[in-house]
Amino acid sequence: MDKKIATAGWGLYPLVAASVQRARYLSDLGSAAPPILPQGNCRSYGDACLYERVVSTLPLKHLLDFDGQRGLLRAQAGITLAEIIRFALPRGFFPPVTPGTKFPTLGGCIAADVHGKNHHAAGSIAAFVESLDMVLADGSPVRCSRSQCADLFWATLGGMGLTGFIYAATLRLKKVSSAYVRQRTIKTASWAETCRVCTETQHQYTYSVAWIDGLQTGRHLGRGHVLLGEHASARELEGKPPFPIHGDGRWAVPFFLPGGVLNSKSLKAFNALYYHRQVRRSTEALVHYDPYFYPLDSVRGWNRLYGRRGFLQYQVAVPYTDGAEVVADLLGRIARRGVASPLAVLKTFGPPSEGLLSFPIAGYTLALDIPLRDFGTIPFLRALNKTVVEAKGRVYLAKDAILEREDFAAMYPQLEKFKAVKRKYDPERRFRSCLSDRLGIT
Ligand SMILES: Cc1cc2nc3c(=O)[nH]c(=O)nc-3n(C[C@H](O)[C@H](O)[C@H](O)COP(=O)(O)OP(=O)(O)OC[C@H]3O[C@@H](n4cnc5c(N)ncnc54)[C@H](O)[C@@H]3O)c2cc1C
């Protein structure tokens, strides 16, 4: 346990020297020496999964029970969504909520209360978690749910690993008739049109996400493609086998790209090509779930494209009141500063879950990658955070590495309630992370 290795989240910033213990049995969680942090597959971008002592839950990947009638799956926390899909899809089930990669663990998804392209219709993963089997700071096991230790349950959903180890969880899966999604793509010419299409179509489709050309300013600001989707029924398959599962990652980025290769010129050209590849305003296609939900997973190690210094993913949610104007303002400031971000994603959120530190609030959410090129980037993003605070919005902790304490406290009004539950179950503050130290979550 004492040998330290360099660890990082998906954004490769910051780097933290950590001793990593791998948990194989339930007893490994109870005996881990504090202070400690549970770690999943490090698919959070910033420092939420980092600390000087971590317990990796990756070896805990057993399926414990499956009720095929109700789609109830009980599994250990270290199983990844990819592994759940491999088991569940041939049986006609799919994760009810999925982030944009299939490599996070079940425990990591619950700890971040992840959202998918269906938040406007289905909410975050909290809506589908029936119960959690946890190991607390004093080493004792406890089961929590909406009716049993409910305070612990709602602090853990979105609690970023700070309330205890999730050992196992029971998740209600979604019944599907095939591995395919009927995708409709609408090309939009401006920010106003993108927002209008997103809000007008959100009650017609289960899945909705907009890719935005984040490098445009002026009248092209916010142009993009809105991708709408619905699970395809068996009779729509045009002779395709109903449940094929793709392999993981066909291409790989074997080394760090030099920082200057992805400059704003090359990215602008890439974005223009991507934007104009669709000629018609609206198209429909039958798409396998893998490229629909997880387009980035086809390139292993794509995070190295931004170079050794890494990058930040900036994701905010802003309420619908003034939300369109506020997000346009953020997009414009980012584009004018020339902070290259080929991938900007806009989604709409429905009502929040009861998770005390959960991220989604009803409104727009914008996410974009910001490469760490110069010393000005972090102060620049912190200035954007002030605008987000004023708009009563918030930054997603699972993506964050730079938020300041006062802004965090203003963004998450249930913080004091969370701290009280944490003090109740972890009075000696045994569960800590770089994020919790930075933000003062004690
Ligand atoms: C390409 C990409 C796309 C993404 N898209 C989305 C998206 O659309 N929506 C979204 O919500 N998120 C998205 N994410 C973020 C990702 O889903 C979350 O950060 C998730 O928490 C990562 O899970 P992980 O297993 O890698 O956990 P880690 O990154 O290792 O840890 C994340 C947090 O979970 C805690 N944790 C992990 N396991 C346990 C456990 N067993 N018990 C208690 N706490 C635990 C950790 O302490 C940490 O605070 C995306 C990430 C990537 C890389």
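**The ligand and its surroundings in a predicted model**

Good morning. I shall begin with the ligand, where one of its oxygen atoms is 2.6 Å from an N or O atom in the side chain of Ser-44. Please bear in mind throughout that this is a predicted model.

Two further contacts deserve mention. The backbone takes part at Met-160, where a polar backbone atom is 2.9 Å from an oxygen atom of the ligand. At Lys-347 the side chain is involved, with an N or O atom 3.1 Å from a ligand oxygen. How much of the ligand's accessible area does the protein cover? On its own the ligand has 960 Å² of accessible area, and the protein covers 98% of that.

Next, the shell itself. There are 35 residues around the ligand, and those that come nearest are Pro-38, Arg-43, Ser-44, Thr-105 and Tyr-396. At the level of domains, domain 1 (63–176) and domain 2 (180–402) each supply at least three of the shell residues.

I turn now to the protein as a whole. Its secondary structure comprises 13 helices and 21 strands. The C-alpha trace spans about 60 × 55 × 45 Å along its principal axes. For 442 residues, a compact globule would have a radius of gyration near 22 Å, and the 21 Å of this protein agrees with that.

On confidence, the mean pLDDT of the protein is 93, and 96% of the residues score at least 70. Which elements have the lowest and the highest mean pLDDT? The lowest, 72, belongs to strand 15 (residues 251–252), and the highest, 99, to helix 3.

Finally, some points of backbone geometry. Most peptide bonds are trans, and most residues other than glycine have a negative phi. Against that background, the bond from Tyr-13 to Pro-14 is cis, with omega near -5 degrees. Pro-14 lies in the loop between strand 1 (4–7) and strand 2 (16–22). The bond from Pro-34 to Pro-35 is also cis, with omega near -10 degrees. Glu-238, although not a glycine, has a positive phi of about 50 degrees. This residue is in the loop between strand 14 (224–231) and strand 15, the element with the lowest mean pLDDT. Thank you.

Terms used. Residues numbered from 1 in each chain as written. Predicted model: local features only at pLDDT ≥ 70, side-chain atom pairs only at ≥ 80, totals over all residues. Heavy atoms only, no water. Near = heavy atom within 4 Å. Polar contact = N/O pair within 3.5 Å; in protein donor to acceptor, adjacent residues only side chain to side chain. Areas by Shrake-Rupley, 256 points an atom, 1.4 Å probe, with all protein chains shown as cover. Domains from an automatic or database assignment. pLDDT = per-residue confidence, 0-100. Helix = DSSP H or I, 4+ residues; strand = E, 2+ residues; numbered from the N terminus. Rg over C-alpha atoms; globule rule 2.2 N^0.38 Å.
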